[in-house]
Amino acid sequence: MTERFSHLVWEGRFQPIHRGHLAYIGELLRRTGKLTVVVVANESSAEAGHPSPVPGFSRIVDGHHAGERNPWSLWLRHRMVRATVGAAFPERVADIEVLAGHRLDLDWPLYQQLLPPERVFAVPSRDDFEDAKAEAWTTLGERVVRLDVAHLPAVSGTLVRELMAAGRPLDEVLHPVTLGLLGGTAGAGEVGA
């Protein structure tokens, strides 16, 4: 039997939200009554102006926030996630909250207050980066559940951006709502131009 949780939290960059993300959200929704998805800003720990409560993790995350890996603004990614998740899971829209803001490791006191007290952080069992994320949340005193994602589509933001740059079709990796918000098949550098 699958363990159920009252409220799961998942955070990420969503550069952009893709079918792999949607499959994972589907998994999370099968395990929870409520889901909070946090779309985090493209920022480094040097910009925070104060020390991180998990400095080792923050150094690892900084590498994922390099400009070339993050072509879309926070407001657009938040809009993409809200619209795409709403279209993909219309029957569960009332159970999903999509937030946007600073990285959790860089604004932890705010998130401690903002996120529901019964929260459990959902972290995929996928790679060293996700292992570091799970360790950081545990270090901060949070409950963490690790979920096997081996059976989910192997899509990444990097793959999506590479397909876009090559002018290749995106239908198999992006939901139609995301495609529409990105302007169809425009390359990452052309979106919003």
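This is a predicted model: local features need pLDDT of at least 70, side-chain atom pairs count only at pLDDT 80 or more; totals for chains, interfaces and linings use all residues.
I'll start with the helices. Two packed helices are described by the angle between their axes and the distance between the axes. Here the two are helix α2, residues 55-64, and helix α5, residues 128-139. Their axes come within 10 Å and cross at roughly 140°. An angle over 145 degrees would count as roughly antiparallel, so α2 and α5 are oblique to each other. The crossing is left-handed.

Which residues make the contact? From α2 they are F57, I60, V61 and H64. From α5 they are F129, A132, K133, A136 and W137. By type, the residues of this contact divide into seven nonpolar, one polar and one charged.

Next, the aromatic pairs. A search of the whole structure finds seven of them. I'll show two.

One is F57 with W137, which is edge-to-face, with 5.7 Å centre to centre and 65° between the planes. F57 sits in helix α2 and W137 in helix α5, 80 residues apart, so this pair links distant parts of the chain. Are these two buried or exposed? Both F57 and W137 are buried.

The other is W108 with F121, and this pair is tilted: 6.1 Å centre to centre, 45° between the planes. W108 lies in helix α4, residues 108-114, and F121 lies in strand β4, residues 119-125, so the pair ties together parts that are 13 residues apart in sequence. W108 and F121 are both buried as well.

Finally, the cluster. F57, W108, F121, F129 and W137 form one aromatic cluster. Among its members, F57, F129 and W137 also take part in the contact of α2 with α5.

How values were computed: Residues are numbered from 1 along each chain as its sequence is written. Side-chain values use heavy atoms; hydrogens and water are left out. Axes are lines fitted to C-alpha atoms, for helices over the stretch in contact, and angles run from 0 to 180 degrees between N-to-C directions. Helices (H or I, at least four residues) and strands (E, at least two) are DSSP runs, numbered from the N terminus. Angles under 35 degrees count as roughly parallel, over 145 as roughly antiparallel, 65 to 115 as roughly perpendicular and the rest as oblique. A crossing is left-handed if the near helix is turned anticlockwise from the far one by less than a right angle, and right-handed if clockwise. Contact means heavy atoms within 4.5 Å. Ala, Val, Leu, Ile, Met, Phe, Trp, Tyr, Cys and Pro count as nonpolar, Asp, Glu, Lys and Arg as charged, and the others, Gly among them, as polar. Rings of Phe, Tyr and Trp (its six-membered ring) pair if their centres lie within 6.5 Å; planes under 30 degrees apart count as stacked, over 60 as edge-to-face and the rest as tilted. Buried means under 20% relative accessible area, exposed over 50%, partly exposed in between (1.4 Å probe, protein chains only).
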